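Grab a pencil and work through a few exercises on the fold you are about to see. Each one comes with a worked solution.

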Amino acid sequence: MKTSLAFRARHLFKKIIKYFCPGIFPDRATFESVAQSASAFGCELQYMMDINSTSHWHSAEFVARFGGYSPPGEERTLGRIRAGDRVRSDMLMLLLRQIIVRQVPGALAELGVHRGDSARLLHHYCPERKFYLFDTFAGFAKSDFAKESLKMGFNEEQQFTDTNVRVVLETIAPRNAHAIPIVGWFPASVTPEVAAETFAFVHLDADLEAPTAAGLDFFWPRLSPGGFIVVHDYNSWPGARLAVDRFLTQNRAAAVPMSDKSGSIVLAKI
Ligand SMILES: C[S@@+](CC[C@H](N)C(=O)[O-])C[C@H]1O[C@@H](n2cnc3c(N)ncnc32)[C@H](O)[C@@H]1O
């Protein structure tokens with residue numbers, strides 16, 4: 001490949017500057033240097049799962065036999081949540097994989113879509129299932145704020161108003177007719193069609209106590225055995241945690257806390 005004159009001039013210029021001022025251009029990133037800058041942001045480097053094809057420990061034989069992220073013999077669209085939480089992205093895809101492999105009947109739903117980031121991953125991994133996307137698409141409702149038992153500043157200030165249905169549809173494009181936005185305040189937004197549904201996988205990400213409690217009350221009786229409800233923020237937003245803990249005192253569910261950034265909890269129906 002021929003290098004252009006401009007490229008060579010830039011390279012030479014960089015070399016000269018580096019010679020006279022060695023601190024200006026940092027050395028090539030190493031594991032240690034990246035780990036150090038990550039820790040400055042309160043992060044640690046996370047290993048990729050062994051089934052990730054770009055992981056150092058990837059075993060092609062294992063994946064060929066057992067399927068890896070995708071069910072054996074199938075290719076699924078693997079997604080990443082833009083906020084960069086790899087553990088959360090992997091967790092969501094692996095739970096969907098489980099309902100596909102176990103043939104758990106039912107639709108998918110998400111309560112708390114915001115701009116469609118997690119919805120994109122769910123819809124692209126599992127486009128053959130109906131997927132209901134519940135949100136006001138205009139942020140939190142005042143009445144829900146008022147019901148928070150534990151006010152902590154951030155759960156009063158956050159709004160999520162920077163969205164609308166068009167933004168979400170653009171985010172999840174390309175999409176098929178299975179992705180159905182349900183606009184309005186939940187649970188009043190529930191349509192007769194949705195009320196008659198059975199669900200295999202539900203992502204509750206509405207942050208506040210009232211919609212989380214309403215989501216659990218609505219979806220749990222409609223969840224198929226073998227299905228999952230993931231409640232995001234169980235270990236970060238107080239209302240989400242209070243709603244789940246209260247629900248678990250009254251309902252028999254396997255509840256598995258996860259180590260994604262905001263500490264989801266997975267409720268599994270047996
Ligand atoms: C944290 S955001 C969702 C983020 C999204 N799941 C993602 O990962 O990109 C929370 C969303 O819940 C929605 N929400 C909260 N309470 C609601 C309610 N009662 N009815 C409908 N939507 C609600 C808000 O409008 C907001 O868009």
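Some ground rules. Residues are numbered from 1 along each chain as its sequence is written. This is a predicted model, so to speak of local features takes pLDDT of at least 70, side-chain atom pairs count only at pLDDT 80 or more, and totals for chains, interfaces and linings use all residues.

**Exercise 1.** Work out the strand order of the sheet.

*Solution.* Strands are DSSP E runs of at least two residues, helices H or I runs of at least four, numbered from the N terminus. Two strands pair if DSSP finds at least two bridges between them.
- Step 1: the seven strands of this open, mixed sheet run β3-β2-β1-β4-β5-β7-β6.
- Step 2: β3 (179–183) and β6 (254–257) pair on one side only, making them the edges.
- Step 3: β1 (residues 107–111) pairs with β2 in parallel over four bridges, and Glu 110 sits opposite Leu 133 in β2.

**Exercise 2.** Find the contacts of Leu 96 beyond four places in sequence.

*Solution.* Contact means C-beta atoms, placed from the backbone, within 7 Å.
- Step 1: skip the neighbours within four places.
- Step 2: what remains is Leu 122, Tyr 125, Cys 126 and Phe 201.

**Exercise 3.** Describe the shell around the ligand.

*Solution.* Near means a C-beta atom, placed from the backbone, within 6 Å.
- Step 1: 20 residues surround the ligand, with Gly 112, Asp 117, Ser 118, Phe 186 and Pro 211 the closest.
- Step 2: α5 (117–125) and β2 (131–135) each supply at least two shell residues.

Notes. Two residues are in contact if their C-beta atoms, placed from the backbone, lie within 7 Å.
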